[in-house]
Amino acid sequence: MMELIAQNMAPIMFLSLIIFLILGYPVAFSLAANGLLFFVIGVELAPLSGGSIHLDWPLLGAIPDRFFNGVVSNETLLAVPFFTFMGIVLEKSGMAEDLLDTIGQLFGPVRGGLAYAVVIVGALLAATTGVVAASVIAMGLISLPIMLRYGYDRRIATGAIAASGTLAQIIPPSLVLIVLADQLGRSVGDMYKGALIPGLVLTSIYLGYVFVMSIIRPNALPALPKEARTLGSGIPSLLVALAAGVGVFYLAWKWLHPAHGTDADILAAALAVIVVYAAAVLDKFLKTGVMSRLAQQVIIVLIPPLALIFLVLGTIFLGVATPTEGGAMGAVGALVLAAGKRRLNMRVISQALAATTRLSSFVMFILIGARVFSLTFYGVNGHLWVEHLLTSLPGGEYGFLIAVSLLVFFLAFFLDFFELAFIIVPLLAPAAESLGIDLIWFGVILGVNMQTSFMHPPFGFALFYLRSVAPRETYTDRITGQSIAPVKTSQIYWGAVPFVFIQILMIAVVICFPQMVMHYKGAPVDTSNIRIEIPSSGFGSGDGSGFGQLGGLGGSPFGQSGESQEPSSGEPGGLDGPPDFGASTGGPDAPAGGETSTPPAEESSGSGLGGGLGLGGPPPGLDGN
């Protein structure tokens, strides 16, 4: 019996962790306690394990080193407090209120206009704040009463608000993308690039759902009545302002291109935006009446958050700043915007600093607990057990992706995205890499999947956030004087169901169309016109041929595909083996007697994902050396 337990320590340890989490124990302490408990058990049962347990008391001395090198000195995670601070300051600055009011007025004449405004503002808040709670609560407080006032169906209204708030999980600069990039050992910038198109496609599907429902059930998504459109019409004036901005862009580009080359596009766009924004501000304060009130409000309200998005994401995508530096600039930009709205004070700063400290401490404690857990889990060969279990699934790469998606979707009923990212992802990553799956693509699939953890009943946090601000009792509307019925919890839950199915559809789309993510690598390199020449003196024929196909930056997310071909005589067989310098064909400079000298191939040991994962690589003494 004891031998059986010793040889199956890894699945027993993993199951025990899941039980601890389901029982409600804090994640960080569950990880650390589970790791220490099974370390003691593993040391005692090591002689009975048949060599499957590699634990001994001196290994505990590796824990401080794993804390410092794996957690405290991790520069990638510096982006977490920066983006958190930026989001909370923007929430306090009233940006959400301004955006919802302005875009609601812009789409007001359209049936379902308020729902369109909620989805678009949710995407804009996701690209600036990256905080789900702030987005859902702000839109629930501002938009939900207006939607109820004008007769919106409660399920559609609450579902649109909750789902739009969760866009902060997949649209950069999302905190979950930072954590996933860290756990997968990949660049945060690449993760942002890969997730951008899926995030925009998901937003478009949300808008498409609202459009379909406005046709099927027109009475459930009415347009704003004319008396509620306080900014008037003014659409032609807005179109003229946009056309003027395009004209300024073209003239500026013609002027700047000879001197600045490829940078002229960005500089000209920035100049055009500044000119249009300055014109709107001057028209408002001088009251010249050149622009309509709607055009003024749209330009003045939309341009600052869009400029902040460019300051953060644009500099990251252009390679000007790292994600950590982009987060720092975003935090400064948020302070500037709040100060411009005259809403920056010590109370706002202290609240933002307190919330940032709480979240950063939460992340650090989970990482420290994960390091303790991984020391024992690797010591009982748990990583090998998980890898063998997942790589043996039928269906190859796609079978693995479908099975993992189902697993994460199920666990998301009970665990939030931080717990999934720090516990589950490091166990899945080595198996994905061994199957040749691109880890950025894999991370985006997981990110879209984890987004459902905020949505599906009964533990969706976005539903709880909305429930906290939705009316619980009948109240009298202050504008119309009508009696408004309360919003039931069941209506919030049922309203989220269609959007959960949309997110499942989005997971399938990302799996079936990896090009949506793989564009982060750039265009493939054309190798058809590349010729490699090797000096001929003493090295065989010297024709330089036979080095095989050099991989471009694009291609399959599963790595190299196709059957390998045997090299022909006198041609080196590619970059994956030692080249054959010299052949029996006897070139003009071949050694006498046809003798060749082939250097021995050196074996390389891949380190896998190493210490970049949250659970860490194999601790010292467990790597078999």
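This section describes the helix packing, the nonpolar core and the local backbone features of a predicted model.

The protein chain contains 23 helices and two strands. Of its 625 residues, 48% count as buried. When contacts between residues at least 6 apart in sequence are considered, 76% of them join residues at least 24 apart. The largest nonpolar core comprises 175 residues, and those with the most contacts inside it are Phe400, Phe442 and Met450. With residues up to four places away in sequence left out, Phe442 touches Leu184, Phe400, Leu401, Val404, Leu428, Ala429, Ala432 and Ile437.

Helix H11, residues 188-216, packs against two helices described here, H22 and H14. With H22, residues 489-512, the packing angle is about 140° and the axes are 10 Å apart. Angles over 145 degrees count as roughly antiparallel, and H11 and H22 are therefore classed as oblique to each other. Their crossing is right-handed. On the H11 side, the contact involves Pro198, Val201, Leu202, Ile205, Tyr206 and Tyr209. These residues meet Pro498, Phe499, Ile502, Gln503, Met506 and Val510 of H22. By class, the residues of this contact comprise 11 nonpolar, one polar and no charged.

The packing of H11 with helix H14, residues 293-317, has an angle of about 110°, with the axes 9 Å apart. Since angles of 65 to 115 degrees count as roughly perpendicular, H11 and H14 are therefore assigned to that class. H11 contributes Gly189, Tyr192, Lys193 and Leu196 to the contact, and H14 contributes Leu313, Ile316 and Phe317. Five residues of the contact of H11 with H14 are nonpolar, one is polar and one is charged.

A further helix pair is formed by H7, residues 113-128, and H8, residues 132-149. The axes of H7 and H8 come within 11 Å and cross at roughly 165°. This angle makes H7 roughly antiparallel to H8. The crossing of H7 with H8 is right-handed. Leu114, Ala115, Val118, Val121, Gly122 and Leu125 are the H7 residues of the contact, and they meet Ser135, Met139, Ser143, Ile146 and Met147 in H8. The contact of H7 with H8 has eight nonpolar, three polar and no charged residues.

The loop between helix H9 (154-165) and helix H10 (175-184) contains Gln169. The relative accessibility of Gln169 is 3%, so this residue counts as buried. Apart from neighbours within four places in sequence, Gln169 is in contact with Val132, Ser174, Val176, Leu177, Phe417, Gln451 and Phe454. Gln169 and Phe454 are 285 residues apart along the chain, and their C-alpha atoms are separated by 9.2 Å. Among the contacts of Gln169, Val132 belongs to the range of residues assigned to H8.

The loop between H9 and H10 also holds Pro173. Pro172 and Pro173 are joined by a cis peptide bond, with omega about 5°. Most residues other than glycine have a negative phi, and most peptide bonds are trans.

Positive phi values are found at Lys287 and Arg342, neither of which is a glycine. Phi of Lys287 is near 55°. Lys287 is located in the loop between helix H13 (264-286) and H14. With a relative accessibility of 75%, Lys287 counts as exposed. For Arg342, phi is about 60°. Arg342 is placed in the loop between helix H15 (323-340) and helix H16 (346-379). The relative accessible area of Arg342 is 79%, so this residue is exposed.

Definitions and conventions:
Residues are numbered from 1 along each chain as its sequence is written. This is a predicted model: local features need pLDDT of at least 70, side-chain atom pairs count only at pLDDT 80 or more; totals for chains, interfaces and linings use all residues. Side-chain values use heavy atoms; hydrogens and water are left out. Axes are lines fitted to C-alpha atoms, for helices over the stretch in contact, and angles run from 0 to 180 degrees between N-to-C directions. Helices (H or I, at least four residues) and strands (E, at least two) are DSSP runs, numbered from the N terminus. Angles under 35 degrees count as roughly parallel, over 145 as roughly antiparallel, 65 to 115 as roughly perpendicular and the rest as oblique. A crossing is left-handed if the near helix is turned anticlockwise from the far one by less than a right angle, and right-handed if clockwise. Contact means heavy atoms within 4.5 Å. Ala, Val, Leu, Ile, Met, Phe, Trp, Tyr, Cys and Pro count as nonpolar, Asp, Glu, Lys and Arg as charged, and the others, Gly among them, as polar. A nonpolar core is a set of buried Ala, Val, Leu, Ile, Met, Phe, Trp, Tyr and Cys residues joined through side-chain atoms within 4.5 Å. Buried means under 20% relative accessible area, exposed over 50%, partly exposed in between (1.4 Å probe, protein chains only).
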